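Dear colleague,

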Amino acid sequence: MFDLNLNLNVGGSAEPAAEQMPASPRPDIENVIIIGSGPAGWAAAIYTGRAELRPLLITGNELGGQIALTTEVENYPGFEQIQGPELVANMQKQAERFGTEVLVDYVTEVDVNGPPFTVTTASGRVFRAKALIVATGASPRRLGVPDEERLTGRGVSYCATCDGFFFRGKRVAVIGGGDSALQEGLFLTRFAERVWIIHRRDQLRAGATLQRRATESPKIEFIWNTVVERINGETKVESITLRNVVTGKVTTMPIDGVFVYIGHLPNNQLFMGKLAMDEQGYLITDKLMRTSVPGIFAAGEIQDHRFKQAATSVGQGVAAAMEVEKYLADLEDRAYPGRK
Ligand code: NAP
């Protein structure tokens, strides 16, 4: 038995909702536990829910995953434009309608010796499940320069949607040359007086549409072939030290905010030494979304460093769910041979 929390503050931190639903009895051994509440997790929940498997989804600390931290989504099929938090809230509603039980909690340990697999959460709950779908996603990569950590929340940010408002009329730097850097740089022009996009090369990785919009924005200026060497400031960001990688010239640039968009790292800590990973730490899955342990499936950015789109994560979540359904049917057949 556990508290259900169905009024999730998507995109925010996982705080208990004021109104708690009555706890519903859970089986001793769950059919499937989904770990993570991004698009892959919700898609897996919708499909396993519709298959009447009564999935349990454990949200993690960042409700909704990365898409809940972004603004306009313009490339999710079926929606010309939708806000990231709204898209993921819709997915959650749909998953709950099909019987997904949502637990706002954080998984601290997974015992992969199973089935049943044992999942322990930060609040001390222990669940067992015949199958797992890992959808723990990825988190922003840090620059790794001096004082970045100390000044995080004091001018250094990884989320323009969350913090952009605080930079009204200010000067901000966005680090990176991919879609995220340009999209969030464009978003920041709503608030900031000026936005510098600082990229380590002289060619952007971002797609053509975002490139065109960013280069046309009167508030955005690009600084090419340049890396951040350190972030400076006593109690808040005051300047950044930059190095031009072609000329070697080092300069100090006064700045109020630094938004870092240099890619992501997979949230794989739970599975170190337990599930096979590639050299970058992404879980290795096959075409059927199976990890190296039978009964444990993975979907979304924890196992995908190539596509990394909400739409592809959803597809992978759906595939994982369909394979779980088949896997559970096979388990049942093995437990009750001859029963069809
Ligand atoms: P990304 O595509 O991996 O781009 C990361 C950027 O950061 C690259 O320009 C890279 O430079 C730079 N970088 C990496 N490490 C760095 C370092 N240590 N110092 C300085 N710069 C560094 O990551 P992303 O922009 O977050 O996008 C992730 C995925 O989400 C992509 O598939 C993207 O298409 C997708 N996405 C799509 C949209 C959209 O369609 N609207 C929006 C956001 C994200 P190099 O180019 O030199 O490698």
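In what follows, buried means under 20% relative accessible area, exposed means over 50%, and partly exposed lies in between (1.4 Å probe, protein chains only). This is a predicted model, in which local features need pLDDT of at least 70 and side-chain atom pairs count only at pLDDT 80 or more, while totals for chains, interfaces and linings use all residues. Residues are numbered from 1 along each chain as its sequence is written, and side-chain values use heavy atoms, with hydrogens and water left out.

The structure contains 12 salt bridges, each defined as a side-chain nitrogen of Lys or Arg within 4 Å of a carboxyl oxygen of Asp or Glu. R26 is buried because its relative accessibility is 13%. One of its partners is E30, with the closest N and O atoms 2.5 Å apart; E30 is buried as well. R26 also forms a salt bridge with E101, at 2.7 Å between the closest N and O atoms. E101 lies in strand 5 (residues 101–103) and R26 in the segment before strand 1 (30–35), so this pair ties together parts that are 75 residues apart in sequence. Strands (E, at least two residues) and helices (H or I, at least four) are DSSP runs, numbered from the N terminus. The relative accessible area of E101 is 9%, so E101 is buried too.

In helix 5, R212 and E216 lie four residues apart, about one turn of the helix. Their salt bridge has its closest N and O atoms 3.8 Å apart. R212 is partly exposed at 42% relative accessibility, whereas E216 is exposed at 55%.

Yours sincerely
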